[in-house]
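Hello,

Here is the structure we talked about. Please open it first, then read the notes below.

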Amino acid sequence: MTSVMWFRRDLRAGDNPALLRALEDGPTLPLFVLDPALWGPAGRPRQAYLAASLRSLRRDVPLSVVHGDPVRRVVEAAREVGAESVHLAADYGPYGAQRDQQVADALDDAGISVVRTGSPYAVAPGRITNGSGSPYKVYTPFSKAWAEHGWRDPVGPPKDPDWRHLKETVDLPDPDLPDGLTLPEAGEAAAHQRWQEFLDRIEDYDDDRDKMGVDGTSRMSPHLKWGEIHPRTMLADLAPLRSQGSRTYRKELAWREFYADVLHHRPESAREYLRAEYARMPYADPDSPDSHLQAWQRGRTGFPIVDAGMRQLRATGWMHNRVRMIVASFLVKDLHLEWQHGARHFMRWLVDGDLASNQHGWQWTAGSGTDAAPYFRVFNPTSQGRRFDPPGGYIRQWVEELADPDRVPDPHEPGDDERDLVGYPAAVVDHKAERQEALDRWQSIRD
């Protein structure tokens with residue numbers, strides 16, 4: 001019996017239960033559909049990384065790539081090879097879940113079965129509920145239930161697979177990257193190499209993860225986004241470790257799964273406020289002449305740590321997690337712009353742009369999400385920079401104007417003369433005044 005393995009966010013050969021199930025059915029067509037509904041809105045960094053990941057996968061799996069509406073293309077591919085089943089890992093995102101149901105309906109009409117095995121998560125969204133059968137709304141009880149639920153052990157790569165091929169496929173696209181942007185290496189082998197390198201220093205993770213100037217984070221988010229490694233594999237490697245760093249990192253994986261669960265139950269929260277009252281707060285018009293949105297996007301706000309983060313994003317398709325919180329707080333609470341503008345910009349530039357983690361990370365900072373930081377917790381960008389990047393190395397690396405310590409002794413708070421000397425802009429707002437303005441606007445929806 002011939003089958004199809006439809007790859008999506010599982011671009012790997014190892015620890016891929018859906019692929020093994022497909023091969024158990026018999027000769028298998030490995031298929032990827034370039035879906036215009038997903039490809040079009042994705043920024044060029046994510047497009048380029050995806051193409052590189054698909055090329056890497058092709059070294060292990062003879063992937064047939066087609067372009068178009070998956071509802072039509074998956075059925076056509078299955079018919080061409082005479083497949084009786086299409087295998088996939090379930091997608092729980094708002095678009096993905098709807099698309100999968102439409103494809104399943106079309107396959108059913110064609111007399112072809114759909115077999116869902118696994119998901120991009122250690123525990124599939126919707127699997128964990130509280131004592132009353134309702135989804136968790138707060139991270140801590142979710143994370144405890146998640147750990148108690150547990151997950152399956154990783155599985156090995158297929159042995160002696162029998163592959164099928166389509167007669168006609170499309171070439172993988174090769175998007176032009178913005179000038180100066182360099183992406184990390186993509187693919188399953190790169191994911192495992194990066195993971196092993198991180199494990200060698202995971203004991204320091206709890207202390208180093210907030211330090212912008214050191215390589216203290218795992219940088220695994222792009223690999224997780226595209227399923228080049230499964231979190232189940234990582235959790236298996238973490239299980240025997242007893243360091244505080246390994247425990248903290250496991251909590252970060254739980255956050256990823258919590259946000260996926262929240263989005264699964266509240267798909268509208270990808271675009272709308274999870275806490276509806278925050279939609280009533282007065283916000284600035286991003287299109288007004290005095291809007292500072294473009295300065296924020298381009299890293300020209302005059303706040304060095306904010307500008308460093310926004311320039312790192314444009315240069316690498318990634319931003320340090322602590323800095324993500326700082327720049328998000330600045331947009332929402334210093335510039336008084338709605339979180340959706342920042343979330344949209346991140347999704348355009350981030351290689352690891354994951355809808356659930358990105359949108360709900362932004363809502364956390366904006367005060368409108370689950371486990372939201374109290375709205376009155378307004379990050380002071382200058383003090384945050386001094387605390388987590390004391391020498392200023394991160395700022396000097398990404399803000400070229402402030403790189404020379406002889407010309408700019410204090411990169412966290414350069415003086416007016418130093419700014420003029422190196423061509424660095426003045427601060428677009430007064431943080432103290434805008435902090436109070438943010439609190440006044442917040443109070444307006446509480447009265």
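A cavity is a set of grid points where a 1.4 Å probe fits but cannot get out, and its lining residues have an atom within 4 Å of a point. Keep in mind that this is a predicted model.

**Cavities**

The structure holds two cavities of 30 Å³ or more.

Start with the largest cavity. The space in it comes to about 130 Å³. Its lining has 20 residues. Lying nearest the centre are Arg9, Asp10, Ala89, Ser119 and Pro120. By type, the lining splits into seven nonpolar, six polar and seven charged residues.

Now the second largest cavity. Its volume is about 30 Å³. The lining is made of Pro304, Ile305, Pro381, Thr382, Gly385, Ile395 and His412. H17 supplies the largest share, three residues. Four of the lining residues are nonpolar, three are polar and none is charged.

**Helix H1**

Which residues of helix H1 (residues 17–25) are buried? They are Ala18, Leu19, Ala22 and Leu23. These residues sit on the same side of H1, because they cover an arc of only 135° around the axis.

What covers the buried residues of H1? The cover includes strand E1 (2–7), strand E2 (28–34) and strand E4 (83–88). After H1 comes Gly26, with a positive phi near 135°.

Best wishes

Terms used:
Residues are numbered from 1 along each chain as its sequence is written. This is a predicted model: local features need pLDDT of at least 70, side-chain atom pairs count only at pLDDT 80 or more; totals for chains, interfaces and linings use all residues. Side-chain values use heavy atoms; hydrogens and water are left out. Buried means under 20% relative accessible area, exposed over 50%, partly exposed in between (1.4 Å probe, protein chains only). Helices (H or I, at least four residues) and strands (E, at least two) are DSSP runs, numbered from the N terminus. The arc is that of the directions from the helix axis to the C-beta atoms. Contact means heavy atoms within 4.5 Å. On a 1 Å grid over the protein atoms alone, a cavity is a set of points where a 1.4 Å probe fits but cannot get out, and a pocket is an open set with protein on both sides within 12 Å along at least five of seven lines; lining residues have an atom within 4 Å of a point. Grid points are joined across faces, edges and corners, and a volume is the space filled by probe spheres set on the points. Ala, Val, Leu, Ile, Met, Phe, Trp, Tyr, Cys and Pro count as nonpolar, Asp, Glu, Lys and Arg as charged, and the others, Gly among them, as polar.
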